[in-house]
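This report walks through one protein model for a reader who is new to looking at structures. Please keep the sequence and the 3D view open while reading, and find each residue as it is named.

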Amino acid sequence: MADATNSVSTIRWDTIEAELDNFGCAMLKGALSRTQCQSIAAGYPDDSQFRKRIVMSRHGFGRGEYKYFSYPLPDDINGLRQSLYPPLATIANRWNEMMGIDVRYPARHEAFIERCHAAGQDRPTPLLLEYGEGDYNCLHQDIYGEHVFPLQVAFLLSRPQEDFTGGEFVLTEQRPRMQSRVEIVPLGQGDAVIFPVSQRPVKGTRGHYRVNMRHGVSRLRSGKRHTLGIIFHDSK
C-alpha cells in the first residue's frame, strides 16, 4: 500500500478543504489502484484479521454486513489511517474553532488514539463492508464514544456498472429550519470520499453555525459491492 500512502503527500489539500467547506464532502480520485482494491476486498472472508462481524438487518441498520478490523491493523489499512490523519486534523481543528467547540486534535494519530484508549475507547474501527443485491445502509453517524474525530474516509473497492449497479454513496445535510439537502457522490473503483462524521460548520449572516450530517448507501440493484471505511477514533 506504499503507493496509496505516498500519494497523500501529492493531494491538493487546499482544494479538498474548500470542497469540504462548500459541499460537506470531497473526493480523492484514484486513491487506490485496481490491484489494491482487489487485494483488500479479497480479504473479507479471512476472519483472522477482524474482531467483529455485523449483520445489518439484525440491528435495523439496513441490509448487508461489515467487519471491524482487529489490532494490529493490516499494514495497508494502518498506513492509510496514519497518513490521512494529519491534514484532516488541521481541517478538523479549524472546523471546531468555527463551531465554538473547544476540542483540538494532536498532529499525530498515535497521540489521538492514546486519548481514545485512556477513555476506554480501545477497539479499532476501520472496517470492510459487503453488500449484495437488495442490500443498503440506512443513514447514520459513526460515533463510538466520547472522543470523536469529525472526519472519516470511505474507499470504493468495486467497479460500478461492472461488479454492481445501484449502491450510491449518499450524504444528507440538515440545516436549522430548512429541508434536508442530499449529496450523491459518484465514486469509481479506487476513489475515496472524505465526509463529516456528524457535524460541519456553515457560514451564515451571523457567523458559522452547525449542520447535522448523515451518510448511507442506496439499494444495490445487482452484483456485489465492497467498501473500506477509515474511521480515526476507536470504539468503547
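Predicted model: local features only at pLDDT ≥ 70, side-chain atom pairs only at ≥ 80, totals over all residues.

Leaving aside the neighbours within four places in sequence, S70 is in contact with S48, Q49, F50, R51 and P124.

In general, most residues other than glycine have a negative phi, and most peptide bonds are trans. Q161 is found in the loop between β7 and β8, the latter strand covering residues 164-166. Is Q161 buried or exposed? With a relative accessibility of 62%, Q161 counts as exposed, because the cut-off for that word is over 50%.

**Charges over rings**

R51, already named as a contact of S70, lies over the face of an aromatic ring, that of Y68.

| Charged residue | Ring | Distance from the ring centre |
|---|---|---|
| R51 | Y68 | 4.5 Å |
| K67 | Y44 | 4.3 Å |

**Aromatic pairs**

Rings can also be paired with each other, and a pair of aromatic rings is described by the distance of the centres and the angle of the planes. A search of the whole structure finds twelve aromatic pairs. In one of them, the rings of Y85 and F112 have their centres 6.1 Å apart and their planes at 20°, so this pair is stacked. Y85 lies in helix α4 (residues 75-99) while F112 lies in helix α5 (residues 109-118), so the pair ties together parts that are 27 residues apart in sequence. Both of these residues, Y85 and F112, are buried.

Y85 also forms an aromatic pair with F232, and this pair is tilted, with 6.2 Å from centre to centre and 55° between the planes. Here the link is between distant parts of the chain, as Y85 is in helix α4 and F232 is in the segment after β15 (225-231), 147 residues away. Y85 and F232 are both buried. Which residues do ring pairs link into a cluster with Y85? The members are Y85, Y105, F112, F149 and F232.

The side chain of S83 makes polar contacts with the backbone: one of its polar atoms lies 2.8 Å from the backbone oxygen of G79, and the side chain reaches the backbone oxygen of L80 at 3.4 Å.

N96, too, lies in helix α4 and counts as buried, because its relative accessibility is 3%. Apart from residues up to four places away in sequence, N96 touches I101, V103, R104 and Y105, and Y105 belongs to the aromatic cluster described above. N96 and Q199 are 103 residues apart in sequence, and their C-alpha atoms are 9.7 Å apart in space.

**The largest pocket and H215**

The largest pocket has a volume of about 430 Å³. Of the 32 residues that line this pocket, the closest to its centre are L129, N137, H140, D142 and H215. At least two residues of the lining come from each of the strands β2 (50-55), β4 (65-69), β5 (127-131), β6 (136-140), β7 (151-156), β13 and β15.

H215 is found in strand β13, which covers residues 207-217. Although H215 lines the pocket, its relative accessible area is 5%, so this histidine is buried. What joins the side chains of H215 and D142? They are joined by a polar contact of 3.1 Å. With residues up to four places away in sequence not counted, H215 touches C138, L139, H140, Q141, D142, Q152, F169, V170, L171 and F195, and two of these, H140 and D142, are also among the residues closest to the centre of the pocket.

Terms used:
Residues numbered from 1 in each chain as written. Heavy atoms only, no water. Helix = DSSP H or I, 4+ residues; strand = E, 2+ residues; numbered from the N terminus. Buried < 20%, exposed > 50% of the residue type's maximum accessible area, 1.4 Å probe, protein only. Contact = heavy atoms within 4.5 Å. Polar contact = N/O pair within 3.5 Å; in protein donor to acceptor, adjacent residues only side chain to side chain. Phe/Tyr/Trp six-rings, centres within 6.5 Å; stacked < 30°, edge-to-face > 60°. Lys NZ or Arg CZ within 6 Å of the ring centre and 35° of its normal. 1 Å grid on protein atoms, 1.4 Å probe; cavity = no way out; pocket = protein on both sides within 12 Å on 5 of 7 lines; lining within 4 Å. Points joined across faces, edges and corners; volume = space filled by probe spheres on them.
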